[in-house]
Amino acid sequence: MINIPKGTKDVLPSQVYKWHYIENVARKTAEEYGFKEIRTPVFEHTELFSRGVGETSDIVTKEMYTFLDKGGRSVTLRPEGTAGVARAFLENGLQGGALPFRAYYLYSAYRYERPQAGRLREFHQFGAELYGASSPAADAETVAFADRFLKRLGLREISLQINSIGCPECRAKYQDALRDYFRPHLSEMCPDCRVRFEKNPMRMLDCKVEECKKIAAGAPHMLEYLCDDCRAHFEEVKRLLSGAGVAFTVDPSIVRGLDYYSRTVFEFTSKAAGAQGTVLGGGRYDGLLAQMGAKSVPAVGFAAGIERLLMVLEAENVPIPEPRGVKCYLAGLDAAGREKAFLLAEELRGKGISCETDLLDRSVKAQFKYADKLGAEYVAVIGESELLSGEAELKDMKSSGSVRVKFEELAQYLSKR
Ligand code: ATP
Ligand code: MG
């Protein structure tokens, strides 16, 4: 037997209702905020991600699934959703349409990571993107949207941390201060951090190596280096969030893993998720679209990991409504009964009533056992006497009571219950 590739998972039919639950809450909340779904390809030209996500990010340096196709072009399975949405926005000329542009996605994403609980190579994200608004209200609305989504799922032990990482101007001064801080510690830090020191010292704050984390804990904070405009923007975001009743703490250590962020960054974390505690992350990325060759378009967005949400829902014991079984199982007692059951089942389905009937020539006892496993609400028994009288014996599986219902009234009877 060939096994599933490492870091991927099957979603089995018995479990898929949990995914539908999250997806339904995601779609409903997105639509309330005026977002419509966007779908873009699973693979894109490799340059889209190396330029869009950023040459110094962990994703681009280590995690991408990149290969040459048969035509010799380098393509990459999307490691995240934003770059593809930004490409679609520009390529379809949507900056000429109604702004702000709002789109959400429910996507699979691919990263070559070391698989562990909450960290997969194929995972799924719910993400949202808002383009064309630079106001603090756009940041606050995006954070409030994410907050409402998580609360609506039933999650209670999630906390929100926000930070500002400034604009390219004020960040340049900060990068200098970071280099001054890290320089004397460089020999104790990991090889990746030594590269980051040269290319993008802010990435050093996001290192997952214990020794580096300890050193990074004492680094200066971006908040002390914000220019007046960035500071005013951040103050306004916080004021709006407080006004909207969205609880947060300011955490100066949040820098986010992708290179395109500016100003507001945020993360929702759960203690219940253990080491992989971040369930949703996002921020403002005013530089991204310009980097992709457009005139500058301000942007803000977030992405949540569906598998991590599932973990946290389970850890918090949030009840997810299980789907009902089929409405009616039609059991045939003999060949003629079976045929009638087959025809009736087709008729009932045509009227929107879910049903199943025997396909394995099983005994009545075995058919009842199967109907019970299915969670069928009713079982209609059809044998010789039922065919003669034109009525099915309809058993209510919950109460065990039974009634006789004319074949032609079965649909009406069942649809009322
Ligand atoms: P982490 O710091 O945990 O690696 P990240 O900063 O790389 O996360 P983002 O790129 O912001 O994550 O992706 C948004 C969300 O997608 C994360 O908060 C997480 O819930 C989920 N996610 C990211 N990588 C994985 C993965 N390999 N497996 C499962 N979920 C993931
Ligand atoms: Mg990561």
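In the predicted model, helix α1 (residues 16–32) packs against helix α11 (residues 306–315) at an angle of about 105°, and their axes lie 11 Å apart. Helices here are DSSP runs of H or I of at least four residues, strands are E runs of at least two, and both are numbered from the N terminus. Axes are lines fitted to C-alpha atoms, for helices over the stretch in contact, with angles from 0 to 180 degrees between N-to-C directions. Helix α1 is therefore roughly perpendicular to α11, a term covering 65 to 115 degrees. In the contact (heavy atoms within 4.5 Å), Lys-18, Trp-19, Tyr-21 and Ile-22 of α1 meet Ile-306, Glu-307, Leu-309, Leu-310 and Leu-313 of α11.

Ligand 1 has 15 residues around it, of which Arg-111, Glu-113, Arg-119, Leu-120 and Arg-256 come nearest; a residue is near if one of its heavy atoms lies within 4 Å. Polar contacts are pairs of N or O atoms within 3.5 Å. A nitrogen atom of ligand 1 is 2.9 Å from a polar backbone atom of Leu-120. Oxygen atoms of ligand 1 lie 3.2 Å from polar backbone atoms of Val-279 and Gly-305. Taken alone, ligand 1 exposes 590 Å², and the protein buries 92% of that (Shrake-Rupley method, 1.4 Å probe). Strand β10 gives three residues, the largest share of the shell.

Residues are numbered from 1 along each chain as its sequence is written, and chains are lettered from A and ligands numbered from 1 in the order in which they are written. Local features need pLDDT of at least 70, side-chain atom pairs count only at pLDDT 80 or more, totals for chains, interfaces and linings use all residues, and side-chain values use heavy atoms, without hydrogens and water.

How values were computed:
A polar contact is a pair of N or O atoms within 3.5 Å; within protein, one must be able to donate a hydrogen and the other to accept it, and residues adjacent in sequence count only if both atoms are side-chain atoms. Angles under 35 degrees count as roughly parallel, over 145 as roughly antiparallel, 65 to 115 as roughly perpendicular and the rest as oblique.
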